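Hi everyone, thanks for coming. Let me put the model on the screen, and then we can walk through it together.

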Amino acid sequence: MTEALPLDEAKARSAHEAALASARFPVSDPQIEVHASIGSTNDRAKELAAAGAPEGSMVVSLAQESGRGRRGRAWSSPSGGLYFSLLLRPDDAMLRRLPVTLLGGLAAVQTLEEHDVPATLKWPNDVHVNGRKVAGILGEMDRDEVGHRLVLGVGINVATDLSALPPEVAELATSVAAVRGGEAPPPEVLLESFLAHFFGHYGAIRRGGGATILAMASARMPLLGQPITVRLSPEKRVSGIASGLSATGGLVLEHEDGQRREVLLAGEVEEVRAK
Ligand code: BTN
């Protein structure tokens, strides 16, 4: 691609270094790649992982040709967005505490809040403003001989031309610029802010924490306390009151008969019904 990059590699590196230092999260010699356009940053991060890249490595791109979303969906990634993936190696104890994708969703909401975007978290990790999606998180995990390998992918509609999105996506989407009257912070500013929040939370989980992060996430989930319907699979839906998050980040659903409650570990909130 020939067009000038609005985010250069030096800025991405220094944003990454500053964030890791402020989060007191030491990683040794992480790899950082900045692309103007790439197939999928998650796919590239997996390639780096397979080649032995250390935890904390990062792939950033300003457009993707084959971005992927949750549940096998495409993630439309025109230029004007910020797309990046982090390579992480959480241990079993960390994974038992809280889902790393929830930390990603929380960090994205906090990043946007810091830039005057009143974002909220839709369980498990969608980021919305006024009911429209502004960012999404895709965690993909496997194992190798060393242990778990998690690629955490983040897509943020920053100055995205919403009319460049497929119409069915555009009608449910918004962007940082759209919310801020047409102007958005530079991508490296958002990237640094995200990394500082995320590695702060990730480091806290690694040190055995979790409760504070759960409280921060819950406080940003307006659906808590509301009657909702959650799709568990193409055929199965459950309805009830979303009464809170469990200690491990699951969604606690109180059935409306008042007799039963269950903890959902995955699913898609389809409907929040007015009480
Ligand atoms: C969702 O469905 O909400 C998750 C979207 C995740 C998109 C990001 S963009 C960077 C990374 N690379 C991908 O191919 N997907 C994720």
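The largest nonpolar core has 60 residues, and Leu88, Val127, Phe194, Phe198 and Leu251 are those with the most contacts inside it. By nonpolar core I mean a set of buried Ala, Val, Leu, Ile, Met, Phe, Trp, Tyr and Cys residues joined through side-chain atoms within 4.5 Å, with buried being under 20% relative accessible area (1.4 Å probe, protein chains only). Domain 1 (9–219) and domain 2 (227–272) each give this core at least three residues; those bounds come from an automatic or database domain assignment. A second, separate core has eight residues, including Ile38, Ala45, Ala49 and Val59.

A quick word on the source: this is a predicted model, where local features need pLDDT of at least 70, side-chain atom pairs count only at pLDDT 80 or more, and totals for chains, interfaces and linings use all residues. Residues are numbered from 1 along each chain as its sequence is written, and side-chain values use heavy atoms, with hydrogens and water left out.

Now to Glu268, please. This residue is found in strand 12 (residues 268–272); strands here are DSSP E runs of at least two residues, numbered from the N terminus. Is Glu268 buried or exposed? Glu268 counts as buried because its relative accessibility is 14%. Its side chain makes a polar contact of 3.2 Å with the side chain of Arg71, and another with that of Arg73, at 3.2 Å. A polar contact is a pair of N or O atoms within 3.5 Å; within protein, one must be able to donate a hydrogen and the other to accept it, and residues adjacent in sequence count only if both atoms are side-chain atoms.

How values were computed:
Helices (H or I, at least four residues) and strands (E, at least two) are DSSP runs, numbered from the N terminus. Buried means under 20% relative accessible area, exposed over 50%, partly exposed in between (1.4 Å probe, protein chains only).
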